[in-house]
Amino acid sequence: MTACAIEGGSAGAATTADPGSEESGEPEEPVGAAESVEPEGAAAPWAEAPTGPGAFTLTADGAYAARLTAAPGPPGAQRAWYPERWTLDGPEPYAVPLPLHQPEEPDAQVVPLADGRVLIRRRVADRQMFSLLYPTGPATGELALGAVECDGMTLLPPSPDGSSVYGLSAGDHSSLLWLVAGGAFGPELVAEIPGHCSGGVWLDRAGRMLALDRRLPGGGPVKAIAVDLERNGEVTPLLQITPSSDDRLLLADPDSGLLLIRSNAPGHDRLGWGVLGSCLPVRFPECLRQADLAVTPFAVQPGQMLMPESCAVALRIDGPAGSWVGIWRPQGRRLHQLAAPDGWSAGAGYWSRDGVLHLPYANASTPCGVALLDAPGDGEPLPGTAGTEGDTSGTEPSAAVTPPVVCRPVPLGQAPLHRAAST
């Protein structure tokens, strides 16, 4: 299984070259400043889903969200953390607190299920404890699921089936994949995968194919792999742009096949896009390379069957001034930058099929709110949109106009990073 993209824009017409380093002979800076060197064996900060107090986790359909939040109290007082579930698919969003008889530790992790219950992972000494929480009138009900003996575990994004949650316990030599909710008899070991694994992206709607980023024992580059959960965790390669590059999968849309990738194959870490099952190379748009800003995708518009270039992608943009929202389409080659609502949980949100971005937020005046942003068109400049250096329109610079070039399908592992000039 390989991923690739349509280089130059639309299908069948490679009319422009990816500007990239062809524009000049100078080395490019990575997205989000110069900290692109990753220690051997360490996971990059973008390889993990947001965790910790205040971080939202949403179900695959966007119906529910869950987070750890703090009870109100005087400034400087110790914060008492408790889980909170948000209902987002009704006529008006609302939050339900799920406190128990004692506060939660700030390193607990919560994941919502499609039936409205919330899975919580707690660390107790050298064990990971799992329970399902649910509202029971004025109180909170708790159903203990069991425990796993390990030093650390990260819960992966909720399965698209709505009822299963998987956890990843990563070591230097091997990583254990656990089914911690949705099994018949408590936590179940699904697979032991050689190497250090991180990330976690679902490739299908059934919750069968899971993508992980893996570094093999002994070191080497990080490569995305596909894990087949119905075949005892069978592992197959997913991404290999060059043999020595770190190639991570950040997001995938099962409807269109659009993949969002981060790779240092161009020389530095860059955001790229490809199409699952295609035979064309990954493309690294220049408009997603913003100086002194970190750009991270967090949601892809669903329902665009066989039209990956038309999918709207939501991106979290972090800079010295804080965090805000970016919206981009592969075919548009334009990064729209929009202000986020006050109190937005940065990196949390989901798209409706008709192109409306939902952003959960909470502030002093609105304890539970969802801001709606329509995906802007790419034909007209958006007021206040920032673009690449020297261009305030937000469009991606393109090469000189040339006649369409017929491209031969090239396996991703052999594909060039930039289209060579036609002869």
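This is a short tour of a predicted model, stop by stop.

Residues are numbered from 1 along each chain as its sequence is written. Local features need pLDDT of at least 70 and side-chain atom pairs pLDDT 80 or more, while totals for chains, interfaces and linings use all residues, and side-chain values use heavy atoms, without hydrogens and water.

**Stop 1: aromatic pairs**

The structure has three aromatic pairs. Rings of Phe, Tyr and Trp (its six-membered ring) pair if their centres lie within 6.5 Å; planes under 30 degrees apart are stacked, over 60 edge-to-face, the rest tilted.

Select F56 and W86. This pair is edge-to-face, with 4.7 Å between centres and 85° between planes. F56 sits in the loop between β1 (3–4) and β2 (57–58), and W86 in strand β4 (residues 81–87), 30 residues apart. Strands here are DSSP runs (E, at least two residues), numbered from the N terminus. Both F56 and W86 are buried. Buried means under 20% relative accessible area, exposed over 50%, partly exposed in between (1.4 Å probe, protein chains only).

Now select Y166 and W202. Their ring centres are 5.7 Å apart and their planes at 55°, so the pair is tilted. Y166 lies in strand β11 (residues 165–170) and W202 in strand β14 (residues 196–202), 36 residues apart. Both Y166 and W202 are buried.

**Stop 2: a sheet**

Show β10 to β13. They form an open sheet of four strands in the order β10-β11-β12-β13, with antiparallel pairing. The edges are β10 (154–155) and β13 (188–194); each has a single partner strand, so one side of each lacks a neighbour in the sheet. Two strands pair if DSSP finds at least two bridges between them. Two bridges join β10 to β11. Pick L155 and find G167 of β11 opposite.

**Stop 3: salt bridges**

There are 13 salt bridges (a side-chain nitrogen of Lys or Arg within 4 Å of a carboxyl oxygen of Asp or Glu).

Select R122 and E104. Their side chains meet at 2.7 Å, N to O. R122 is in strand β7 (residues 118–124) and E104 in the loop between β5 (94–97) and β6 (109–112), so the pair ties together parts 18 residues apart in sequence. R122 is buried at 18% relative accessibility, and E104 is buried at 7%.

Finish at R205, which is partly exposed at 41% relative accessibility. R205 forms a salt bridge with D253, at 3.9 Å between the closest N and O atoms. R205 also forms a salt bridge with D255, at 2.8 Å. D253 is buried at 4%, and D255 is buried at 12%.
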